[in-house]
Amino acid sequence: MSTTLAALPEEYLPRDTADVVRTVRDSRPQPLTVRGGDHSSEQLDDEPAPPDRRIVMSLRRMNRVQAVDADARLVRVQAGARLSDIDRTLAAHGLGLPIVGDHREITAGGFAAVGGLSAASHRYGMFSDNVVALEYVDPEGRFGTCGRTHHADRFRRILGGAGRTGIITALTLQAIEVDKDHTWLTSDAHRFLDFDTFVEHSHAEITRPGDALLQVGRWVDTAPLRVSRPVGTGNIQLGTVRFGQWSSLHPTTATPSLRARRELGARARKSLGAIASAAGGRAGMPVRNAAAGALMFAPKVLTLRDAEYLADTVISSSERGPAYRVAVFAPMSSYSTVFHRLHDLFADHRERSGAITVISAMTYGVRSPDLHESAGEDHGFITFTCRLRPTGTYSGRSGAPELVRDITSGIDDICRSERARRYHTPD
Ligand SMILES: Cc1cc2nc3c(=O)[nH]c(=O)nc-3n(C[C@H](O)[C@H](O)[C@H](O)COP(=O)(O)OP(=O)(O)OC[C@H]3O[C@@H](n4cnc5c(N)ncnc54)[C@H](O)[C@@H]3O)c2cc1C
């Protein structure tokens, strides 16, 4: 039985679409916050947000995989179904989801509501590109259906609408033929000390990925290291640590020795994750950083399923703290310029304000029919995460810091002049 609204619960857990309709109607005009796996709140590792007084509706109990049409390669699910569970069900039919998030708790509705990208986006676009039809409840509490071929405008508004344009209650998803547990991948990694060469290489790999099933480029650039002078006063500047890696994962044939290496790699990552999770406080920082670093160096051989959830093994243990994040879709004709300009923007702000410590970037290709239609070309996805000193110029989410305003307007300028688009955060 579902919770009733009369008691104004902190979290409302509908069982079916009728429950959702009732909740939306009863709660009006008070706005509702919708949640799937609530994973996106973990991404916002700024200072804690003030308590949300709005009614929260979580769809995690509407989690059934309702029907698989193996011939048409379609699956119909309730919005709260976890992508990892949908994928497991599809596997019994020789099928799988083309795009999954990197954590097992992510739900179909939550991922569709933000668009959803992965290291397979250079082949399959966004998760939302693979949604064929959906059922929803609009902000007035009316039930409706829409899809690629009916009410297409409404369909686009709800996909990527982060719950503001309608609550998704069920989805029909396009699957692909794949055996994720027996598709073996080998990682082809290139390392760089020079940012220009890294960007050039990323551009070439995104443009010509060959048979790579997954691809990702990562760049890390620390603030200049300063140490106290052994004699006298002041500091010695030791320079910055700058390095990057591009990884393409190609299909390979599993030999007994590859299988053994995969076992070893999987065990090592699991142990690292466990050790890092247990290493709390400042003392545990090096261990947690090592765990985050392990993500940059994907193991040499692994299955497609392992690769998709690689981040899940260790990322929750990675370093946290205030950060500024931005993600953009850059048309390939201006990809390199956008990448350089964003990097320069953050590096300049770091130099001037001293408020930014580590600048890191992640990138891969996105072949999204919807994005292609609007820009006439394919895109590269570029995200930057800048770690912020918790004190000084930056005073947290509630402080509306000048630094963040400056950076945001700089990013908007870059996007306008280079025809890039921001991948917006839902809140
Ligand atoms: C802006 C943003 C973009 C992200 N992009 C990616 C990505 O490309 N790849 C990746 O691996 N991870 C990404 N993440 C991480 C994110 O945690 C997950 O991708 C995913 O959205 C979380 O799924 P969830 O089920 O936990 O949804 P939640 O975290 O609960 O919700 C995510 C958003 O979707 C809305 N929402 C949830 N369920 C529904 C529903 N049924 N109907 C309508 N709206 C709903 C919520 O209101 C919220 O705005 C992103 C996070 C953010 C904040």
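Q: Which strands do the buried residues of H1 pack against?

A: This is a predicted model. A residue counts as buried if 20 or more other C-beta atoms lie within 10 Å of its own. The buried residues of H1 pack against strand E1 (11-12), E2, strand E3 (55-58), strand E7 (131-137) and E9.

Q: Which residues of helix H1 (residues 17-27) are buried?

A: They are Asp-19, Val-20, Thr-23 and Val-24. Looking down the axis of H1, these buried residues fall within an arc of 130°, so they line one face of the helix.

Q: What is the order of the strands in the open sheet?

A: Two strands pair if at least two bridges are found between them. Here five strands form an open sheet with antiparallel pairing, in the order E4-E5-E9-E7-E8. Strand E4 (65-69) and strand E8 (143-147) are the edge strands, each pairing on one side only. On average, neighbouring strands of this sheet are turned by 15° against each other, direction ignored.

Q: Which helices pack on the sheet?

A: H1 packs on it, touching E7, E8 and E9, and the direction of H1 makes about 50° with that of E7. Helix H3 (residues 83-91) also packs on the sheet, where H3 touches E4 and E5; the direction of H3 makes about 35° with that of E4.

Q: How many bridges join strand E5 (residues 74-78) to E9?

A: A general point about strands comes first. In a regular strand the side chains alternate between the two faces of the sheet. In this structure, E5 and E9 run antiparallel and are joined by five bridges. Within this pairing, Gln-78 stands opposite Ala-170 in E9, and Leu-74 has Gln-174 of E9 as its bridge partner.

Q: How many bridges pair E7 and E9?

A: E7 and E9 are paired over six bridges, in the antiparallel sense. Val-131 has Leu-173 in E9 as its bridge partner.

Q: Why is E9 described as largely enclosed by the rest of the structure?

A: The count of buried residues gives the reason. Seven of the eight residues of E9 are buried, so this strand is largely enclosed by the rest of the structure.

Q: Which residues come nearest to the ligand?

A: There are 29 residues around the ligand, and of these Gly-36, Gly-37, Gly-109, Gly-110 and Gly-163 come nearest. The elements giving two or more residues to this shell are strand E2 (32-35), helix H2 (40-43), helix H4 (108-114) and strand E9 (167-174). H4 gives the most, with five residues.

How values were computed:
Residues are numbered from 1 along each chain as its sequence is written. This is a predicted model: local features need pLDDT of at least 70, side-chain atom pairs count only at pLDDT 80 or more; totals for chains, interfaces and linings use all residues. A residue is near a molecule or strand if its C-beta atom, placed from the backbone, lies within 6 Å of it. Helices (H or I, at least four residues) and strands (E, at least two) are DSSP runs, numbered from the N terminus. A residue is buried if 20 or more other C-beta atoms lie within 10 Å of its own, exposed if 12 or fewer, and partly exposed in between; C-beta atoms are placed from the backbone. The arc is that of the directions from the helix axis to the C-beta atoms. Two residues are in contact if their C-beta atoms, placed from the backbone, lie within 7 Å. Axes are lines fitted to C-alpha atoms, for helices over the stretch in contact, and angles run from 0 to 180 degrees between N-to-C directions.
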